[in-house]
Amino acid sequence: MKRKHGEEDQTAAPADESVVDLDASFSNLGLDARLLQGIAKLNFAHPTLVQAKAIPLALEGKDILARAKTGSGKTAAYLLPILQAILKRKETSPNERLTSALILVPTRELAEQVHRATERLAAYCGKTIRAVNVAQNVSEQVQQSLLAEHPDIVIATPSRALVHNNLSAHTLTSKVTHLVIDEADLVLSYGYEDDLQAVSKTLPKGLQTFLMSATLTTEVETLKTLFCRNPAILRLEEDAEEDGGGVSQFCVKCGEDEKFLLVYVIFKLKLVKGKCIIFVGDIDRCYRLKLFLEQFGIRSCVLNSELPVNSRIHIVDEFNKNVYEIIIATDENEVLGDEEEDEAEAEPKAESNPSKEPPTTTTTTTTKTDPTPATKKPPKKKRKKVRRDKEYGVSRGIDFQNVACVLNFDLPTSSKSYTHRIGRTARAGKTGMALSFVIPEALFRAHKPTSHPSCERDEKVLAKITRHQRKRGKEVRPYTFDMKQVEAFRYRMDDALRAVTRVAVREARTREIRQELLASEKLKRHFEENPADLVHLRHDGELRPAKVQPHLKHVPDYLLPAAGKAAISASSALDGTGRGTFVSIRKSSDNRIRKARMKKAGKSVRKSAGGRDPLKMFKGGRK
Ligand SMILES: Nc1ncnc2c1ncn2[C@@H]1O[C@H](COP(=O)(O)OP(=O)(O)OP(=O)(O)O)[C@@H](O)[C@H]1O
């Protein structure tokens, strides 16, 4: 990853530090040799901008308030100084057992991710450093016994930290010297304000605080007042163009049914190269889209708050290992608010607003002691409701690796949310693409019953997103498909959509949860004993409650424009860079194996289309 110039609060550091030494290396940061080994094992060649800036200041003992873009390496920026401090302490008092670092994160997925990052960075520290994640859904007794051993680092959501702190009469926080609030711009929107207030009262004086965030918000200000003493403020923008990384952003104006049409064409013709995360407006839409794609033989997994946390983590892991290519995710607990307003300080200080509460809080994965009770009244009709996890959230912080495209099937309702969603691609200096479907107001009114309600404001939200991105020197460009050519696929799309009835969606939803609960709970012990078997547990299997129409799985030749056939048969694809280069989604090794097999069987191998662009064959293009 290359590093660029950053802007830094002048009160926080000498002026000459506003320019990062481009030759900075981890070995110049004064870190322990064991940590350097851990860093080398992770193949981090150079510190990222936020790491190069934050680590030296943190090692001097300064509080850090850092805003840096999504995927820029903020986790290691706070973990390394904390690990360094623990190693130093252990040199003088090797037998002293105390929890000196508390890391608070908004979601369970993120807690797990931070825990793993800690273990990887501390991999060469032997048993000197112990970290525990208490955000997971294991019994309180188990967690308490883990905490009783006073691990050096505790990772939790604010509500879990408070529960344990109360249970242990504040011994969890009593000796803490380092506090991190990761995704500081989000924790308050998760309804954790009271928990954080309560935790802050039990913290010892003079501890070092890290507030890490991707966007600057009034929430971060609130936390700064609550937890920091004169922090070093880092506002870091990496120049994505020069950096070789960054997200190319596109939008397509279309109606509700055209969303399905386009998604069918995009995936069936493999116009997107590589892995894709599709964000939809709610859980039902996850299954609706999954069942729809299934009709065409396109496999995908769903990710939403109803699934048990173990399944969610496993899905992300497997996706990162390239087992799956498409995830359809909800963005429940969406981040409300718009950066523009925050940045202009037009809005008053954020209060805990009931509308900002997560949609529902009764959950199978939340333990009884969860202090945030359900906010919605139970429905009159006594129906066994599947519970959702209020500590769910995949659009923020989760390190999805090598994602080529984020597809906003349903646009989020705020520009902040958009920033976090598209931050799932182009991470760690890579490139990526974001494509958003936007329903114009008139089309929304015309098809109101079928469109997702949040789409009513699509155009207004897009205007905010565009303004905000432009301020940061980024463009959201329109992508125009030649709808005449795409239209040829409509009757197949209609066929498939008709089969995905409401009943089919409901059935699929119930079946998936049943399957995942079974896998998550009953098989948990088995997988603990036989971790290798986890490989065989797939989450993208067919759910099949919709009528199976085998003919839809193939694209007949007559549907393809003559010029496009060759390109499509070679599975060309829209490149995530948006620069119009088209490469196969199929891995080249797969191609080689296929060709070798065909040759062996005496069949002729069709020549590649040489990167011809099927989207161009559709006469579409960016304006
Ligand atoms: N110095 C480095 N060199 C190369 N890769 C790095 C470096 N530091 C971190 N990474 C990788 O970059 C990815 C993103 O890191 P991380 O999750 O810490 O980003 P983040 O800034 O916290 O993102 P978000 O705002 O979405 O939470 C991870 O896969 C991580 O392993």
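# Reading a predicted model, step by step

User: Which short sequence motif does UniProt place at residues 24–52?

Analyst: The unreviewed UniProt entry puts the feature "short sequence motif: Q motif" there, at residues 24–52.

User: How do I read helix α2, residues 49–59: is it mostly covered or mostly exposed?

Analyst: Start with a count of neighbours: a residue is called buried if 20 or more other C-beta atoms lie within 10 Å of its own. By that test α2 is mostly covered, with 9 of its 11 residues buried. Among them are Leu49, Val50, Gln51, Ala52 and Lys53. Just after α2 comes Gly61, which has a positive phi of about 95°.

User: What about the length of helix α12, residues 283–295?

Analyst: A handy check is to compare the end-to-end reach with the span expected at 1.5 Å a residue. Helix α12 has 13 residues and reaches 19 Å from its first C-alpha to its last, close to the expected 18 Å. Here is the general idea for side-chain directions: an α-helix has 3.6 residues a turn, so residues three or four places apart point the same way. Gly297 follows α12 and has a positive phi, near 75°.

User: Which strands pair with β13, residues 403–408?

Analyst: For a strand, look at its partners and the sense of each pairing. Strand β10 (residues 275–280) pairs with β13 in the parallel sense over 5 bridges, and Lys275 stands opposite Val403. Strand β14 (residues 431–438) also runs parallel to β13, joined by 4 bridges; there, Cys405 stands opposite Met433. Strand β13 is mostly covered, as 6 of its 6 residues are buried.

User: Which residues come nearest to the ligand?

Analyst: Begin with who is there, then sort by class. Of the 20 residues around the ligand, Phe44, Gly73, Lys74, Thr75 and Ala428 come nearest. The shell has 7 nonpolar, 10 polar and 3 charged residues. Helix α3 (residues 74–92) gives the most to this shell, with 3 residues.

Terms used. Residues are numbered from 1 along each chain as its sequence is written. This is a predicted model: local features need pLDDT of at least 70, side-chain atom pairs count only at pLDDT 80 or more; totals for chains, interfaces and linings use all residues. A residue is near a molecule or strand if its C-beta atom, placed from the backbone, lies within 6 Å of it. Helices (H or I, at least four residues) and strands (E, at least two) are DSSP runs, numbered from the N terminus. Ala, Val, Leu, Ile, Met, Phe, Trp, Tyr, Cys and Pro count as nonpolar, Asp, Glu, Lys and Arg as charged, and the others, Gly among them, as polar. UniProt positions are given in the numbering used here, feature names are shortened, and annotations may be inferred rather than shown by experiment. A residue is buried if 20 or more other C-beta atoms lie within 10 Å of its own, exposed if 12 or fewer, and partly exposed in between; C-beta atoms are placed from the backbone. Two strands pair if DSSP finds at least two bridges between them. The expected span of a helix is 1.5 Å times one less than its number of residues.
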